[in-house]
Amino acid sequence: MVLGTKILRPLDQERQFQKENKMTTNKTKPTAQDVAQRALALQLIVDRGWSDYTIQTQSWFRRLRVRSVRKRILAWDKREHISHWVTPEEKKVWDQPFGELSKVDREFATWRLEAIVPLAWAIGLRPELPEFSAHVEDKHYGCLRFCKRTPVKTILATQGLDPYTDRLLRTPEAIELQANVYLLHSWRAKELLNGNKKRVDLLEAAPRIFGEWITDALALLPLNRNGELVMERYRLVIPELRKRELVMVQNVFEGRLRAFKWLSGENPDWDQVTTDT
């Protein structure tokens with residue numbers, strides 16, 4: 001898509017792109033309950049990461065306030081048993097004493113936020129996805145934020161989903177399409193971070209590198225007239241981003257790519273889902 005034309009949002013995408021993606025194989029896809037549990041587990045880890053950040057870096061007043069959040073996090077987990085759904089890698093973070101996470105562990109926890117939104121979108125809690133390069137905001141995941149009393153059964157019932165047998169609200173084709181869109185974003189960012197600063201015409205390069213199956217995803221990319229990827233949030237093409245900005249958007253891309261690939265059934269083990277391009 002050329003910059004200046006309307007960006008198709010997910011519900012439009014589902015109507016426009018019904019052709020089966022060539023990469024689709026027989027995969028074990030998560031149920032609606034799996035997705036809701038994964039989203040809540042991620043939110044638990046995100047809340048934990050941000051509370052530790054506040055404890056370690058903010059004023060005494062904000063640290064005092066976060067103690068009440070800590071109590072809510074622990075009470076929420078006790079009530080809903082959410083920590084039972086965290087992955088082994090996430091459990092290493094969760095089991096550490098509050099206020100003692102390292103900078104690396106805090107970043108591991110807080111960047112989990114980007115993966116929540118595709119999961120909430122897949123079961124209908126969000127009507128659309130954020131711009132590709134924009135960090136998520138409360139409006140995108142507030143239905144789960146900070147330990148709300150939202151059992152999995154309630155989350156699914158609001159969307160009319162059966163936790164075991166019903167398909168997700170979004171079609172497999174729509175999920176695969178989004179996975180491919182974020183695959184292209186992540187690939188482009190990695191190329192630049194690895195030192196390849198040359199500008200690329202993605203309309204020509206992507207089918208040559210990935211294959212013709214990537215064509216539908218290309219149609220959703222915000223591209224300039226030369227086929228280079230535009231970062232909507234920054235109003236710049238991706239090679240013009242500073243390194244810090246590039247690292248930030250790559251974290252966004254990888255978090256969402258992991259979620260979409262897990263939703264597509266690539267690997268039922270979240271920790272083993274790869275974001276290689």
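**Notebook: core and helix packing**

I started with the largest nonpolar core, which has 59 residues, and Leu119, Ile238 and Leu263 have the most contacts inside it. For my own record, a nonpolar core is a set of buried Ala, Val, Leu, Ile, Met, Phe, Trp, Tyr and Cys residues joined through side-chain atoms within 4.5 Å. Buried means under 20% relative accessible area, with a 1.4 Å probe and protein chains only. I noted that α2 (32–57), α6 (113–122), α9, α10 (202–210), α11 (215–218) and α12 each give two or more residues to this core. Helices here are DSSP runs (H or I, at least four residues), numbered from the N terminus. The largest share, 11 residues, comes from α9.

This is a predicted model, in which local features need pLDDT of at least 70 and side-chain atom pairs count only at pLDDT 80 or more, while totals for chains, interfaces and linings use all residues. Residues are numbered from 1 along each chain as its sequence is written, and side-chain values use heavy atoms, with hydrogens and water left out.

Next I looked up Leu263. Beyond its neighbours within four places in sequence, Leu263 is in contact (heavy atoms within 4.5 Å) with Lys29, Pro30, Val35, Pro118, Leu119, Ala122, Leu168 and Ile175. I also found a second, separate core of 14 residues, including Ala41, Trp76, Val86 and Leu101.

Then I turned to α9 (residues 172–193) and α12 (residues 243–263): their axes come within 8 Å and cross at roughly 150°. That makes α9 roughly antiparallel to α12, a label for angles over 145 degrees. Axes are lines fitted to C-alpha atoms over the stretch in contact, and angles run from 0 to 180 degrees between N-to-C directions. The crossing is left-handed, that is, the near helix is turned anticlockwise from the far one by less than a right angle; clockwise would be right-handed. Among the residues making the contact are Tyr182 and Leu183 of α9 and Phe253 and Leu257 of α12. By class I have 13 nonpolar, four polar and five charged residues. Nonpolar covers Ala, Val, Leu, Ile, Met, Phe, Trp, Tyr, Cys and Pro, charged covers Asp, Glu, Lys and Arg, and polar the others, Gly among them.

Key
Angles under 35 degrees count as roughly parallel, over 145 as roughly antiparallel, 65 to 115 as roughly perpendicular and the rest as oblique. Buried means under 20% relative accessible area, exposed over 50%, partly exposed in between (1.4 Å probe, protein chains only).
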